[in-house]
Amino acid sequence: MNNPDDPASNLQETPDVDWLEIDEWACAAQRGDEEAFGRIVRALHQRVFSVVYRVVGNMDDATEIAQLAWIKAWQKLHAYKREARFFTWMYRIAVNTAMDHHRRTRRRREVDLLDEVQLDPEPGRDSPVATHSGPDEEMARRETMEQFQHALGSLSPEHRAVLVLREVEGLSYKEISEVTGTRQGTVMSRLHYARKTMQDLLKGIR
Amino acid sequence: MKTRDQKLLSRALDSECSEAQRRTADALLATDPDAKVLQETWSELGDRMRSLPAPVVDEELAWMNVQREIRSGRAEREALAGVFGPRLAWAFGLGLVLFALSILFVLRQEWTGDPRFARSATPINQVEWVETGIPGATTMIFADASTGLTVVWMDVENGVRINDKLKPAEET
């Protein structure tokens, strides 16, 4: 569990992102400093992309949506108020763009992350894939992961977004409510519903 | 297990509850085996989500794409402002001045009382059809109030003769 006194504790554990520095760059970008904005994009794009990818479940769409979200952020920088952390503001744009995309396409996309995933070739970065397992174990692991992906894909984007923001990004209810534009009570309800649904869908799968 | 208790466990898992709620959740976990299983299942769910692979993207390439879009958007806006902006401003300004002048011209006519702009008097000449009482006759009378002249047309071709007695218009 995360430290309740520090809502962004999970995010701040990431060594290569200095959130205060990001906020400073955001201020510079607000004054028209394009290079400062570029530094933010380079620092946060992977995170923004990952959130969008887990919400829309499609590599091509996620690539397009994440980049579109950055363009929107640049265009709306004047509206960014410094009392909020930049990443919550940015996540809000990204999640809203993903939701808009979903509403436009109106078709349930099959989450097929395993076929698209390009695992991180850099040795220093965390990789969730075990590298020293036998073929049977590897197959079983892939099968389990696929079932999990399908269960995740069957959630609505709203529920998926809340679950991703909480479990993967480690955002607090307050931050999630800021990102999704909903009340904290709604966040709590959606999280409970998402967990319960996933639990029901994954019954018997280990 | 009640939904209320499940929601409490969900909040407790996220460390998003008050001290009193925390105590309630701990008591529930200590006494109800189902509650413990439920929270463990949800905790494992979170672990699995965090372990899901996500494609690694090229941040530099992403920024290049974003930067290109930003600059092309800015260039388009500048081009629009540079080419059409001043001309449109001129046309708009000129239109505004012409409109204001026309309004002033109309108002001046009203305010100055200049006879050249005086409204014409109500027409005094009248043309009207009347029932003459002569069978088959179609008559038109033209009365000029300024001269007192009255002209009467009678349809001779329909058998009306000039000496036929004309019933005065006032009587009709």
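**Exercise 1.** Find the angle at which the axes of helix α9 (residues 173-180) of chain A and helix α10 (residues 184-201) of chain A cross.

*Solution.* Step 1: the two axes come within 8 Å and cross at roughly 100°. Axes are lines fitted to C-alpha atoms, for helices over the stretch in contact, with angles from 0 to 180 degrees between N-to-C directions. Helices are DSSP runs (H or I, at least four residues), and strands are E runs of at least two, numbered from the N terminus.
Step 2: α9(A) is therefore roughly perpendicular to α10(A), a term for angles of 65 to 115 degrees.
Step 3: α9(A) makes the contact with A:Y173, A:K174, A:I176, A:S177 and A:T180, and α10(A) with A:Q184, A:V187 and A:M188. Contact means C-beta atoms, placed from the backbone, within 7 Å.
Step 4: these residues divide into 4 nonpolar, 3 polar and 1 charged. Ala, Val, Leu, Ile, Met, Phe, Trp, Tyr, Cys and Pro count as nonpolar, Asp, Glu, Lys and Arg as charged, and the others, Gly among them, as polar.

The model is predicted: local features need pLDDT of at least 70, side-chain atom pairs 80 or more, while totals for chains, interfaces and linings use all residues. Residues are numbered from 1 along each chain as its sequence is written, and chains are lettered from A and ligands numbered from 1 in written order.

**Exercise 2.** Describe the side of chain A that touches chain B.

*Solution.* Step 1: 39 residues of chain A contact 31 of chain B.
Step 2: α3(A) gives the most, with 9 residues.
Step 3: sort that side by class: 21 nonpolar, 10 polar and 8 charged residues.

**Exercise 3.** List the elements of chain B from the N terminus on.

*Solution.* Step 1: chain B has 4 helices and 3 strands.
Step 2: their order is α-α-α-α-β-β-β.

Definitions and conventions
Angles under 35 degrees count as roughly parallel, over 145 as roughly antiparallel, 65 to 115 as roughly perpendicular and the rest as oblique. Two residues are in contact if their C-beta atoms, placed from the backbone, lie within 7 Å.
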